[in-house]
Amino acid sequence: MAKLRSLNSVANEEYLYQQKIYNNEIIPCDTGFRFLNDRLLKGTNKEDVILLAGLSGVGKSTLAIQLAYNLATLNKNTRCLYLSFEVPGRKIAAKLVGKDLNLSLNQLYSNGLVDKSNFDKFKNIPFDIIEVPIDVTVIANVLQKYSEKHPLERVHIFFDHTLLVSGRQGDSENDTLIALSQLVNIEKKNYDRVFFLISQLNNSMLDPKRMVYKGGHYPNQTDIFGSKYLYHVANNVLAIVNPSALNLPSDSYGPNNLPFKIESKTKGEVRLFYIHTIKARDGVPGLDPLIDRLEINSLEEFSIKGRENFFKKYNV
């Protein structure tokens with residue numbers, strides 16, 4: 001039976017929650033990305049559901065792996081459970097090693113054996129991986145057991161990605177997304193949990209007719225695959241766009257005429273991706289540039305001053 005609560009009781013609960021924040025008893029988790037901490041409430045918080053979407057090849061998994069590793073290593077009493085239904089677990093380790101050594105996976109495999117110390121450093125990192133796609137019922141059981149095992153830690157659960165969650169017998173793709181959305185909406189209230197849902201942008205983003213109008217360059221709710229379900233359960237929705245892949249009729253992106261590439265003092269000419277926070281229930285929506293370093297398994301943000309100058313120059 002649903003629990004009946006008075007407005008007064010939930011108001012007192014919220015006051016105590018805010019009191020704990022100001023007393024540093026509740027601390028948001030640092031994502032390792034300043035722009036994302038700014039868009040959220042200084043980082044990830046209990047019950048957050050963050051949807052990260054993009055077209056294929058734009059670095060969704062790369063960014064998600066970076067986020068998971070940052071969350072697991074930059075914060076106390078925090079761990080990550082990464083449901084990697086596409087990338088094998090060993091490749092996650094390889095991507096992280098390659099990023100640290102500034103090597104692509106091809107270089108990592110062909111430049112001679114890397115010293116084992118580069119892999120031993122993961123020994124005590126609170127980062128666990130499930131590689132085999134499982135259905136929503138099994139996921140619920142896994143989450144329950146995992147949280148029971150780690151009741152005093154904030155658990156960040158990554159679904160990479162939502163389209164690869166196994167359907168139960170007789171379920172359609174939509175049925176699976178509905179079940180996953182319902183599961184996340186229920187499970188976020190149990191224990192101290194944060195969910196990251198990795199999903200796809202629809203091919204509507206590539207429609208040439210749409211690209212003629214600069215206002216059509218930026219993603220919106222309808223561009224999120226499964227937007228009826230995933231978008232509504234998420235309190236923050238991020239969409240990554242590589243404007244170079246959109247076949248735009250000009251060499252600028254969106255109403256702000258943003259560049260595809262810029263000149264970096266340290267890296268030379270670099271390609272830019274843009275990450276749009278198109279929904280921020282408790283945070284701040286907006287747009288942020290990222291430097292494409294996918295060749296070394298990384299997406300990099302601008303420096304604080306560089307971001308300020310970029311926003312000023314392009315009126316973002």
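View A. The model shown is predicted: local features need pLDDT of at least 70, side-chain atom pairs count only at pLDDT 80 or more, and totals for chains, interfaces and linings use all residues. Residues are numbered from 1 along each chain as its sequence is written, and side-chain values use heavy atoms, with hydrogens and water left out. A search of the whole structure finds 11 aromatic pairs (rings of Phe, Tyr and Trp, the last by its six-membered ring, with centres within 6.5 Å; planes under 30 degrees apart are stacked, over 60 edge-to-face, and the rest tilted). The ring centres of Phe158 and Phe196 are 4.4 Å apart and their planes lie at 0°, so this pair is stacked. Because Phe158 belongs to strand S4 (residues 154–160) and Phe196 to strand S5 (residues 193–200), the pair ties together parts that are 38 residues apart in sequence (strands are DSSP runs of E, at least two residues, and helices runs of H or I, at least four, numbered from the N terminus).

**View B. Phe310 and Tyr314 in helix H11.** The rings of Phe310 and Tyr314 have centres 4.8 Å apart and planes at 45°, so the pair is tilted. In helix H11 these residues are 4 residues apart, separated by about one helical turn. Phe310 is buried at a relative accessible area of 5%, and Tyr314 is buried at 16%. Together with Tyr218, Tyr253, Tyr274 and Phe302, Phe310 and Tyr314 form one aromatic cluster.

**View C. The largest pocket.** This pocket holds about 1,100 Å³ of space (on a 1 Å grid over the protein atoms alone, a pocket is an open set of points where a 1.4 Å probe fits, with protein on both sides within 12 Å along at least five of seven lines; lining residues have an atom within 4 Å of a point). Of its 32 lining residues, Glu14, Tyr17, Ile21, Asn45 and Lys46 are the closest to the centre. Helix H1 (residues 7–22) gives the most to this lining, with 9 residues.

**View D. The second largest pocket.** About 420 Å³ of space lies in the second largest pocket. Among the 14 residues lining the second largest pocket, those closest to its centre are Ile262, Glu263, Ser264, Phe302 and Gly306. H11 gives the most to this lining, with 5 residues.

Technical notes:
Grid points are joined across faces, edges and corners, and a volume is the space filled by probe spheres set on the points. Buried means under 20% relative accessible area, exposed over 50%, partly exposed in between (1.4 Å probe, protein chains only).
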